Amino acid sequence: MSQEPMSIDELKRMAGTIRCDIIEMTCTAAAGHPGGSLSATDIVTALYFRVMRIDPANPQWPDRDRFILSKGHACPAWYSALAERGYFDKQHLSTLRRLGSMLQGHPDMHKCPGIDMSVGSLGQGISAGLGMALAGKLMKKDYHVWVVVGDGECQEGSVWEAAMAAPKWKLDNFTVIVDRNHLQNDFCVEDVMPVEPLADKWRAFNWHVETIDGHSMEQVVAALEAASERKGVPTAIIAETVKGKGVSFMENSADWHGKAPCVSEADQALCEIRRCTCEI
Amino acid sequence: MKSSYRHILPEVQALLSSKDLFVKAKGEPTRLTYGEALLSLGAQNPNVVSLDADVSKPMKTFLFAAKFPERSFNFGIAEQNMMAAAAGMATTGLIPFANTYAVFASMRALDMVRNSIHYPRLNVKIAASHSGITPGPDGVTHQAQEDLSIMRALAGSTVIAPADPTSTRMAVYAAAAYDGPVYLSFTRDPVPVLYDESFPFKIGKAVLVREGKDAAIIANRDLVVQALIAAESLAQKGIDVRVIDCHTLKPLDEQMVLKAAKETGAIVTAENNIIYGGLGSAVAELLVEKYPIPMKRVGVGNTFAESGPYLEVIDKYGLTARHIIKAVKAVLKRKPSVKVKPQAKPTATPKLKTKKKSEVKAKAGRKR
């Protein structure tokens, strides 16, 4: 590791930086998914700057922890975390979704350093993570595999195929964090296709389940660090989040699932995020 | 007399004109050959892992599971999870063989096969039994008459459909040695052991298994034996037909196909797969751009099949030697300058000469 794990306050400030990156990236690209990127930001920040065993100088290190953003459309958060962590130069962030960019609309593991799996089609990243966790056990490696899935993504049947499989092999090196922001592309998750009782579902599939405030850095870090120590069972963390978190006009609005802010909207968003970050 | 056949076992050559070929020749479903080959591969290569979806018995991969339990993973009836998990395993350097039936591998789990395996070019081997209409009795839900077309359409795919147990074994080893996704197609029902160990299996290299100059039949998987039966029958009528085992559908051995086109001037393709997008399409696409000559495709038409004994089903749906013979005769009629000379006597072996269209028609009519 080329960097000491961050304190809670440092993590909060880094989350603010990543939120600003997300706004700037999607604004510059005039496309992308800011809402779900902002809801997942605190989780991604805690993983990359405190919890995960990684070496940005050696992205293919066989013993590294793996991270998969199964809800691949939220990749601006992932790209920003990778850039801020030093996997590649920050100037690439302005190339999101451009022709020839390493930052594809949905992540490509061969184009972008630090991306452990190409994802985008929902319900697959969790299975890929399961495969990595199985491989880790087989090869007697002690890395941990972290996967973020969306709550809308939990409507995909294959998520539950993976959920059924992980406890069979007692994959305690495997943690799934559900970004429970209650909104999906069309409308509210509960209106489109209810997923509740979500925690009970994971519990019924024999996972250890915790429900946390996904924007409380203290709770996020505590839940992730506990998951990395837990033995004999995979962990599902239901992270209650707010879609568009940190930007008043984006919060709790399905309209900002796949819409980029224009320049004036971006300016307002950046002001709000920076003001909030200054208070830390 | 020098045999026209290459790599074909003598006992099979002797049986090609017999109605009892499928009874008398040694044979087995290539899905079982696969399971045994995977077992020996497992002993040679510790990185090989076997992923099952509740068909480890029909594919004989339970042998691998018994010998290497720590390297065997049964995902249950959940092919989508299995395919994407195989992709995840491959990122760590393991070589996963994901075993299921072709309908599930190429259709139910296609999104995973495309996005998680082929897009990132991960080193997953997809072992698909019950490919084409090789599951006769199971009926349409288990007859993957489209799997080869679908797999061929994926960017960067390698698609292999071996004809017999000997080449199946070789294909499994070759797939393991190849870096990247490979789709291996196996039969549910038995096919004869056609080849001896001289069969030169190489991914992307079709194999000439019968020499001939009047026309060429390019076949894959279980229709190679039907092509050989057809060629033997045609030889007895003085028509000298080349047979090519095009075990790798993709990448297509363009050199071998073009050589056959140039040297014989007439091509018939034979595949137990729908005629849209498979071997016939691949050959037609090549010929129409580089060397247009008369060509005909034998394959499943615009229909689903039905249950029945394997040989009866493929016969009803137009995939046996008699259909290939008919196609060869039809394509020969369209050859611009070379026509078949009528036979003076049944025993004569006529040379190819220019002849009027009407005479060929009359001759073909007599033979029915």
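**Helix packing and chain contact in a predicted model**

Reply: This is a predicted model. In it, α3(B) passes α9(B) in a right-handed crossing.

Me: Which residues make that contact?

Reply: From α3(B), the contact uses B:Thr30, B:Thr33, B:Tyr34, B:Ala37, B:Leu38 and B:Leu41. From α9(B) come B:Pro165, B:Thr168, B:Arg169, B:Val172, B:Tyr173 and B:Ala176.

Me: How does the contact of α3(B) with α9(B) split by class?

Reply: It has 8 nonpolar, 3 polar and 1 charged residues.

Me: What angle do these helices pack at, and how far apart are their axes?

Reply: The angle is about 45°, and the axes are 9 Å apart. Helix α3 covers residues 30-44 of chain B, and helix α9 covers residues 165-177 of chain B.

Me: Switching to B:Tyr5. Where is it found?

Reply: B:Tyr5 is in the segment before α1 of chain B, and α1 spans 10-15.

Me: Does B:Tyr5 count as buried or exposed, and why?

Reply: Buried, because B:Tyr5 has 20 C-beta neighbours inside 10 Å. The cut-off for buried is 20 or more.

Me: What does B:Tyr5 touch, leaving out residues up to four places away in sequence?

Reply: B:Gln13, B:Val209 and B:Arg210. The C-alpha atoms of B:Tyr5 and B:Glu211 are separated by 6.4 Å, with the two residues 206 apart along the chain.

Me: Now the contact between the chains. How many residues does it take from chain B and from chain A?

Reply: Chain B gives 22 residues and chain A gives 22 residues.

Me: Which elements of chain B give two or more residues to the side that touches chain A?

Reply: They are α5 (79-90) and α7 (110-118) of chain B. The largest share is from α5(B), with 8 residues. By class, the side of chain B that touches chain A has 12 nonpolar, 7 polar and 3 charged residues.

Me: And chain A, how many helices and strands?

Reply: Chain A has 9 helices and 5 strands. Along the sequence, the pattern is α-α-β-α-α-β-α-β-α-α-β-α-β-α.

Me: What radius of gyration does chain A have?

Reply: It has 17 Å. A compact globule of 280 residues would be near 19 Å, so chain A agrees with that. Its C-alpha atoms fill a box of roughly 50 × 45 × 40 Å along the principal axes.

Me: What percentage of chain A is buried?

Reply: Buried residues make up 55% of the 280. Among contacts in chain A with a separation of 6 or more, 77% join residues 24 or more positions apart.

Conventions. Residues numbered from 1 in each chain as written. Chains lettered and ligands numbered in written order. Predicted model: local features only at pLDDT ≥ 70, side-chain atom pairs only at ≥ 80, totals over all residues. Axes fitted to C-alpha atoms, helices over the stretch in contact; angles between N-to-C directions. Helix = DSSP H or I, 4+ residues; strand = E, 2+ residues; numbered from the N terminus. Left-handed = near helix turned anticlockwise from the far one by under 90°. Contact = placed C-beta atoms within 7 Å. Nonpolar A, V, L, I, M, F, W, Y, C, P; charged D, E, K, R; others polar. Rg over C-alpha atoms; globule rule 2.2 N^0.38 Å. Buried ≥ 20, exposed ≤ 12 C-beta atoms within 10 Å, placed from the backbone.
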